[in-house]
Amino acid sequence: MDRSGRRAAAARVLDDAAPAPAGCADAPRRAVGAGDPRSAAPAAHLGATPAAPTEGVTAPLVAVGVVGAGGKVGRAVCAAIAADPELHLVAAVDPHHAGTDAPGGLPISTELAAVVDARATVVVDFTVAPAARATLPWVAERGLHAVVGTTGLDDADLDRLRAAFTTSSCLVAPNFAIGAVLLMRFAELAAPWFDTAEIVEVHHDAKRDAPSGTAIATARRMAAASDRWAPDPTEDVVAEGARGALVAGIPVHAVRMRGAVANQEVVLGTTGQTLTLRHDTTDRTCFTPGVLLAVKRAAGLPAGLTVGLDAVLDL
């Protein structure tokens with residue numbers, strides 16, 4: 001592809017970027033300190049005009065239930081929700097941790113009915129794919145919004161969620177770390193300008209699926225941005241799998257390593273140069289700002305399925 005073609009492809013990627021759903025730009029965000037640019041609502045640093053505060057009016061808290069509340073990520077999410085002044089953790093569900101308390105002192109229930117009994121309006125799911133396949137249709141039937149961080153859901157699963165959520169929203173994100181979301185966007189923008197690309201993702205040794213949902217989403221977005229990649233020059237594969245797995249035509253290498261949390265690296269190359277994009281997760285709490293933002297904006301998303309955190313980040 002010549003330079004003009006690459007520019008046209010890059011322009012298409014920019015034109016295709018989904019705008020934020022109407023009514024979401026002014027969603028509040030917890031302040032992080034005077035003078036810190038992050039203390040403004042997200043719209044303020046993204047070019048939109050924040051709504052003027054209404055004196056004397058306090059917005060009702062968003063009632064949230066967390067499914068998978070006893071897991072490592074689930075507990076971090078519960079703690080973040082419990083500490084957020086705009087949210088109210090009303091239910092914590094995890095059949096594997098019955099009899100224990102979630103952060104904030106809320107007893108963990110074994111039954112999904114606890115979510116309805118507590119009048120939650122948003123359900124956060126950080127479980128495993130088989131469990132989510134049962135939980136999410138149940139959530140949809142009751143008209144509750146869902147924010148889903150469970151990995152291992154395939155295209156057929158997403159189609160079923162798209163059909164199930166007819167009166168409420170369901171946001172499924174392969175990664176809630178804002179840095180990882182930006183990495184995917186940067187890789188998508190860079191793709192038309194390079195001839196070769198490979199993805200290396202590293203996760204802890206308890207992760208069940210490979211490659212990761214983030215790696216798969218990254219490869220698919222890069223492939224959608226550019227369909228011109230140089231052929232693999234390898235003629236003799238000495239060890240099976242040495243060149244990784246092809247996802248949308250892009251090699252993806254999955255590493256499972258004890259002591260790691262999660263990171264991803266995208267390497268792109270063209271004549272005389274390479275570009276390396278990398279995101280490192282050092283603690284599971286990195287997912288919580290993205291989850292909190294998604295929860296607060298869930299009611300403003302259109303009914304049906306939204307894939308990726310881009311919609312609530314105005315990317």
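I take a pocket, on a 1 Å grid over the protein atoms alone, to be an open set of points where a 1.4 Å probe fits, with protein on both sides within 12 Å along at least five of seven lines; lining residues have an atom within 4 Å of a point. Grid points are joined across faces, edges and corners, and a volume is the space filled by probe spheres set on the points.

The model is predicted, so I note that local features need pLDDT of at least 70 and side-chain atom pairs pLDDT 80 or more, while totals for chains, interfaces and linings use all residues. Residues are numbered from 1 along each chain as its sequence is written, and side-chain values use heavy atoms, without hydrogens and water.

I looked up the largest pocket and found a volume of about 1,100 Å³. Its lining has 41 residues, and V73, F126, T127, V128 and T151 are the closest to its centre. Helices α2 (72-83), α4 (129-141) and α7 (213-225) each give two or more residues to this lining (helices are DSSP runs of H or I, at least four residues; strands are runs of E, at least two). By class I read 16 nonpolar, 18 polar and 7 charged lining residues, with Gly counted as polar.

Sheet. I then traced an open sheet of 6 strands, ordered β2-β1-β3-β4-β5-β11 with parallel pairing (pairing needs at least two DSSP bridges). The twist averages 20° from one strand to the next. Strand β1 (residues 62-67) pairs with β2 over 6 bridges, and V62 stands opposite L87 in β2.

Key: Axes fitted to C-alpha atoms, helices over the stretch in contact; angles between N-to-C directions.
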